[in-house]
Amino acid sequence: MSENKTIRINNLPVPTWNHLKINDAEYETMASKEELFDQLKKIAVKPENQLPVVHDEVIEEATEGLDFEFTINTDSTIILRLLNKCEEKSDDSKKDIIVKINANIKEGLTLNLSIVNLTKGARIYVTSDALCNENSALRMTTISLGSSKAYFEGKAELKGDNSMFDSYTAYILNSGQFLDMNYVADHKGKNTEAEIVSSGVLNKGTEKVSRQTVNFISGCAGSKGAESEEVLLLDDDVISKSAPLILCTEEDVEGEHGASIGQPDIDVIFYLKSRGIAIEKIYEMLSFAKIEAALSRIDHEETSEMVRNYLGINN
Amino acid sequence: MKEKTYIEDIDESIYDFRFKEDEEDVLGRGIGSDLIDEISKEKGDPEWMRQFRQRSLEIFHKTHMPNWGPSIESLDMDRIITYIRPKARMKNKWEDVPEDVKQTFERLGIPQAERESLSGVGAQYDSEIVYHNLRAEVEKQGVVYTDLETAMRDEKYSEMIKKHFMKLIPPTDHKFAALHGAVWSGGSFVYVPEGVKVEIPLQSYFRLNAESAGQFEHTLIIIGKNSYLHFIEGCSAPKYYAASLHAGCVELYVGENATLRYSTIENWSKNMYNLNSKRALVEKAGKIEWISGSFGSHISYLYPTSVLNGEGSSSEFTGITFSGNGQDLDTGAKVIHNAPNTTSYMNTRSISKSGGVNTFRSEVIVKPQAKGSKSSVSCASLMLDSISRSDTIPVMDIRTKDADIGHEAKIGRISDEAVFYLMTRGLSEEEAKALIVSGFCENVSKELPVEYAVEMNNLIRMEMVGSIG
């Protein structure tokens, strides 16, 4: 008989003080990590042209999770949308969905990978590993609006010279939602570049954990890596945890990190209020702006509509 | 092909001399219950302290080694000498200090510094304080500066010490805090009464002379409402092949509207495991200023912690770490915002070279009640070659919306453009790079007392010039 187990996911590449509880995330399950991944439905994706490949995963009773294998032989756009079976009535609060992605991006090619979480109460865990060969790029955009608990992990191995990882995550958390993120760029090739951005809003009773790592490995001369985080805190009972790491064993690199956590800029608030906009509306505008920035990167009208409908922007 | 500037390790030869200790002075190696009782008896501890040591020993045995920092597996606790009997009781005049001990401190320039720029000096040699002196005019203001053991036996201060000793850093904090609680010896007690401003700094200097020894001094400073103190601590040891251990403990209590500046220039030898703990509790509108220069040690774990407990209290941490061959220095700071309108600022610089490892580790915690709090962290790292390592591991944990938190970190190397520009202004490449490194450290060195800033800049500049390879 299966017993409850706690597996550890979203590990920081280098641990820090245990009392901060940020070295990894605990994930309650009935199996080991390997067993969990073995149970996933395997899907091989080989885009043949530049048209977007859209995969909708609808949370149902017997959701078994997905194990994607992306082989990128042409510039590609892949959009993965996690949705509810019936948006208004379905209760998915007891459902789990795990998505595992492996991508091999061949020389000189770009993969635009977008993950959009529009579930309701389900718990989701999305983990992706990408190998970037010479002159290739992974452009990753994540929007997380749903789930009681959501775990995202994105790792890029910048193995080839001049390869690139550009990750942007936007989120709005409401009413007790929990979001745990871990993004890692391993710079191995020369002149590689990474930019990891996280931008979101915490409302009542929510918690967010953000881990970002730029890892310059000896030999990656000429590489650059940047991390940034912007978090708007709109209620008092919120928790924002951040661990932005820069690891470096190469001299000829540039790495930087910037974070801004707190309430909206008082000058912005003052200006908008002076134009007659109510404070609640201002907060809503600032929140939606973060999601719109992500949608403009995805550049897919149907997905944009879906997200706006979810947020009630079009109503 | 690019030319490389080679920067030598900081020259520690001025610190690298020793006088042989007598074997009969060594009370014992390792750590056991009998030895703890023997130390307690030797030092004439009150009963509560003997029991405290025994409780700490139990905690030490139950507590795991840290699993997150540099490896300390090669530190063999069974070989470390935990207590060395003093060569003489504490003196108040340099002339009365035993000749070899006196020579040690004279070579380190301590008596000269006392004459020229200090209000008072304490000097610890191995396990015990051997000299303490305080200027008469400062003493008249009611300032107390003595060794902790003397203060503990003085009925005026014994209760104060019992109330504060290891309350900020309890033995349960981590394994080496427990070790400290069991075997601590020496260190300083400073008390500054309400309203007293000590204009000239006090300094303690810790010297570990013996091979394979541990130093476990405890510094307890309590400054009253509206007072001011600048306390400087320095440390060094001769170089041995066997590992030495420093597991000191610093507890600082900063009263309402008081300011305490705590400066440390740490230059232990490269066989030292520096596992030191420092923590300050700051009351309403009080301020703690940490200035920290870490140059020595084989392994360091050092994170001065500020607990901002009173409304409007603040902390500033300014640090520089220079890590060379064989060094793995894990340094940084922690701040806990525990009251409204508290502010914290961290500004650090680190330089890694010749295979040295630097880790900047920090934590900023803003509790729900700390509304209106602000924190800013800025850390910059300079890599001088590709066989070294520099990691930045900051964590922020924010639990109120009414906080303003900023963080920035940068890592890189000496810019070719800056070197080129300076060379067009007539500087040689060596001078240009030396100037850039000094400039990189400048906003830290300017916070040091002038004599330390000059020494630090000289150490860096002198080692760079003439070393292009």
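The model is predicted. Chain A gives 40 residues to the contact and chain B gives 42. About 3500 Å² is buried between the two chains, and strand S17 of chain A pairs with strand S24 of chain B.

**Interface of chain A and chain B**

- Carbon and sulfur atoms give 51% of the area of about 3500 Å² buried between chain B and chain A.
- Two salt bridges are found across the interface of chain B and chain A.
- One salt bridge joins the side chains of A:Asp236 and B:Lys371, with an N to O distance of 2.9 Å.
- On the side of chain B that touches chain A, the elements giving two or more residues are strand S20 (328-337), strand S22 (357-366), strand S24 (389-398) and strand S25 (403-412).
- That side of chain B is made up of 17 charged, 15 nonpolar and 10 polar residues.

**Strand pairing between the chains**

- Strand S17 of chain A, residues 239-248, runs antiparallel to S24(B), and six bridges join the two strands.
- A:Leu247 has B:Asp391 in S24(B) as its bridge partner.
- S24(B) is also among the elements that give two or more residues to the side of chain B touching chain A.

**Chain B**

- Chain B has 469 residues, of which 63% count as buried.
- Its secondary structure consists of 25 strands and 11 helices.
- Among contacts in chain B with a separation of 6 or more, 84% are between residues 24 or more positions apart.
- Helix H8 of chain B, residues 175-183, is mostly covered, with nine of its nine residues buried.
- The buried residues of H8(B) include the charged-side-chain residue B:Lys175, together with B:Phe176, B:Leu179, B:His180 and B:Val183.
- B:Ala177, B:Ala178, B:Gly181 and B:Ala182 are also among the buried residues of H8(B).

**Buried residues in strands of chain A**

- A:Ser210 lies in strand S15 of chain A, residues 207-216.
- The relative accessible area of A:Ser210 is 3%, so A:Ser210 is buried, the cut-off being under 20%.
- Beyond four places in sequence, A:Ser210 touches A:Met181, A:Ser198, A:Glu229, A:Lys241, A:Ser242 and A:Ala243.
- A:Ile124 belongs to strand S9 of chain A, residues 123-132.
- A:Ile124 counts as buried because its relative accessibility is 0%.
- Apart from neighbours within four places in sequence, A:Ile124 is in contact with A:Leu82, A:Ile97, A:Asn117, A:Thr119, A:Ser147, A:Lys149, A:Ala150, A:Tyr151 and A:Phe152.
- A:Phe152 is 28 residues from A:Ile124 in sequence, and their C-alpha atoms are 8.3 Å apart.

**Helix H4 of chain A**

- Helix H4 of chain A spans residues 301-311, and its buried residues are A:Thr303, A:Ser304, A:Met306, A:Val307 and A:Arg308.
- These buried residues pack against strand S4 (53-59), strand S6 (76-84), strand S8 (110-117) and helix H3 (279-298) of chain A.
- A:Gly312 follows H4(A) and has a positive phi, near 75°.

Methods. Residues numbered from 1 in each chain as written. Chains lettered and ligands numbered in written order. Predicted model: local features only at pLDDT ≥ 70, side-chain atom pairs only at ≥ 80, totals over all residues. Heavy atoms only, no water. Contact = heavy atoms within 4.5 Å. Buried area = accessible area lost by both parts, 1.4 Å probe. Salt bridge = Lys/Arg side-chain N within 4 Å of Asp/Glu carboxyl O. Helix = DSSP H or I, 4+ residues; strand = E, 2+ residues; numbered from the N terminus. Pairing = 2+ DSSP bridges. Buried < 20%, exposed > 50% of the residue type's maximum accessible area, 1.4 Å probe, protein only.
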